[in-house]
Amino acid sequence: MTLRRLISKLLPAILLFTSLGTANAQTDTLAITADSAQTACGDSITDVQRKYRNYEKRTNWYKKQWAALIPNRFSLQYAGDIGMVSAGIGWCYGKRGQWGTHVFLGYLPKNHTPSSYWSFTVKQVYTPWSLPIGKKWTIEPLYGTLFLNSILSDEFWTKEPDRYPKGYYGFSSRIRFHLGIGQKVTFLVPAHKRFLAKKISLYYEVSTCDLYVRQRILSKTIPLKDIICLAVGVQYTIL
Amino acid sequence: MNRHTIKHTVIGMLTVFFMSGCDMFEYHPYSTKFEGRTNIHATSIEQIERLCKDKEEITFAFITDTQGSNTNMQDAIRLIRERGDIDFIVHGGDQTDFGLPKEFMWCRDQLEASGLPYVSVIGNHDCLGNGEHTFEYIYGTPNFTFNAGYIHFVCLNTVALEYDYSHPVPDFNFIEQDIETLKGLNAEKDSIKRTIAVMHSRPGDEQFNNNVAKVFNLYMTQYPGLFCVNGHNHCDDVSDIFSNGIIYYGCTNIKERAYYVFKIRKDGYDFEKIDF
């Protein structure tokens with residue numbers, strides 16, 4: 001059943017991709033043909049119009065699919081184990097907008113290290129509850145997040161370099177897995193006051209990373225606050 | 001809900017993270033802001049040299065390969081403190097598992113709790129990520145020497161595999177210069193009776209640049225009254241590697257709940273393994 005639905009969805013897309021060039025070229029001539037044919041025969045008009053309508057339907061579907069890929073969230077975050085300052089774009093989706101996917105580029109200033117770093121993050125957010133407060137405010141009392149961070153520097157490796165015996169360290173110094181929870185408060189900008197943002201949100205989250213969790217499990221003496229990291233951010237929602 | 005409730009919620013949220021503390025804003029696990037002591041060797045060495053200047057019997061504890069065994073490390077430090085006869089602590093490297101600044105801080109805080117001066121050599125795990133920079137920031141250069149009374153300590157970076165030939169490991173220029181300085185010092189007044197070489201991995205280990213193991217030995221034989229202490233192998237291994245009377249005291253990791261104590265006198269020394 002699902003397979004049939006999938007095929008029925010995919011088929012027009014395949015057809016569209018293969019006949020896109022010809023379809024575009026036909027658009028202009030089609031309008032002229034439709035005008036000139038109007039006086040000739042009633043039956044052929046409806047036929048041409050029907051064909052044109054079908055074509056429009058398919059292109060609309062095509063546009064809608066690509067439109068879904070337009071990022072509708074822009075974030076700016078401070079700290080949070082992904083950079084001192086990180087800027088990101090994101091997509092909000094799901095029936096209630098409960099899912100969010102964000103990508104961030106973070107900047108790490110020179111610290112005790114001789115160079116600064118850039119880091120890349122992919123973040124998945126799940127928001128189970130969203131409570132409206134009045135007409136302008138919404139509160140997300142708890143959301144969960146899972147994110148993957150990669151520090152973009154040759155000092156760090158994804159796979160152990162060949163110089164090591166196989167499985168010498170058995171971890172990647174470049175890729176970190178993080179798990180966190182957070183809270184968010186959103187202000188819905190009144191329609192007449194909107195410049196770019198439809199909604200402006202402030203959030204904070206606490207998170208930890210894979211290596212910290214491992215060390216904490218090994219040593220109970222490590223204070224919990226040492227393995228937890230805080231982040232604050234602002235998020236703009238457009239569209 | 002009214003404006004009042006919103007205000008309360010926002011204030012509540014702000015309180016939560018101000019209570020959790022602003023120091024919890026971390027930029028990255030490999031780029032953490034340091035709290036507490038840094039550049040430790042500079043002050044520790046000065047302290048050790050002052051403390052051991054005219055001492056007849058010098059006692060030091062050798063702990064190695066902490067690597068996340070913080071609880072065991074804590075017990076070891078407590079025992080060292082309770083003994084009361086230890087002058088200073090030498091850490092044999094691998095304070096960390098992943099070279100994270102936080103791991104360095106956890107280990108440093110344990111060593112700080114001893115109330116004694118301490119020094120550390122760099123281990124291979126300490127070099128992971130940007131760990132070698134963190135080590136340098138928190139302790140000092142990975143090759144260093146000091147004199148505890150009549151004992152010369154030469155602490156070397158021997159984890160060659162981590163540097164992939166980009167750095168001289170072991171650094172023979174450093175060793176050569178040190179031998180020259182020592183010769184000059186002994187020619188002036190015969191003050192140095194014994195040398196103790198501290199390293200993380202020793203000749204023969206996969207981390208050591210074994211192509212120069214014999215050359216290393218050749219250089220080391222020039223030190224007066226030498227013995228070596230090392231970690232890395234997570235087992236006790238006391239052996240005369242080159243069959244020339246230079247003993248390498250390989251200490252097991254702290255996870256095995258053991259450390260070594262060396263009691264040095266001008267005419268000899270005692271070595272003891274402490275299990276706890």
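In the hairpin formed by S1(A) and S2(A), where five residues lie between the strands, A:Gly80 adopts a positive phi near 90 degrees. The model is a predicted one, in which local features need pLDDT of at least 70 and side-chain atom pairs count only at pLDDT 80 or more, while totals for chains, interfaces and linings use all residues. Residues are numbered from 1 along each chain as its sequence is written, and chains are lettered from A and ligands numbered from 1 in the order in which they are written.

Helices (H or I, at least four residues) and strands (E, at least two) are DSSP runs numbered from the N terminus, and two strands are taken to pair if DSSP finds at least two bridges between them. On this basis, strand S1 (residues 73-79) of chain A pairs with strand S2 (residues 85-93) of chain A in the antiparallel sense over six bridges, and A:Tyr78 stands opposite A:Val85 in S2(A). S1(A) also pairs in the antiparallel sense, over seven bridges, with strand S9 (residues 229-237) of chain A, where A:Tyr78 stands opposite A:Val232.

Chain A comprises four helices and nine strands, and its elements run, from the N terminus on, α-α-β-β-β-β-β-β-β-β-α-α-β. Of its 239 residues, 23% count as buried, a residue being buried if 20 or more other C-beta atoms, placed from the backbone, lie within 10 Å of its own.

In chain B, six strands form an open sheet of mixed pairing in the order S4-S5-S6-S7-S9-S8. The edge positions are held by strand S4 (144-148) and strand S8 (237-239) of chain B, each of which pairs on one side only. S4(B) pairs with strand S5 (residues 151-156) of chain B in the antiparallel sense over five bridges, and B:Phe144 stands opposite B:Cys155 in S5(B).

The contact between the chains takes 38 residues from chain B and 43 residues from chain A, two residues being in contact if their C-beta atoms, placed from the backbone, lie within 7 Å. On the side of chain B that touches chain A, the elements giving two or more residues are helix H1 (3-19), helix H3 (70-83), helix H4 (101-112) and helix H5 (131-138) of chain B, and the largest share, six residues, comes from H1(B). By class, this side has 17 nonpolar, 14 polar and seven charged residues, where Ala, Val, Leu, Ile, Met, Phe, Trp, Tyr, Cys and Pro count as nonpolar, Asp, Glu, Lys and Arg as charged, and the others, Gly among them, as polar.

Methods:
Buried ≥ 20, exposed ≤ 12 C-beta atoms within 10 Å, placed from the backbone.
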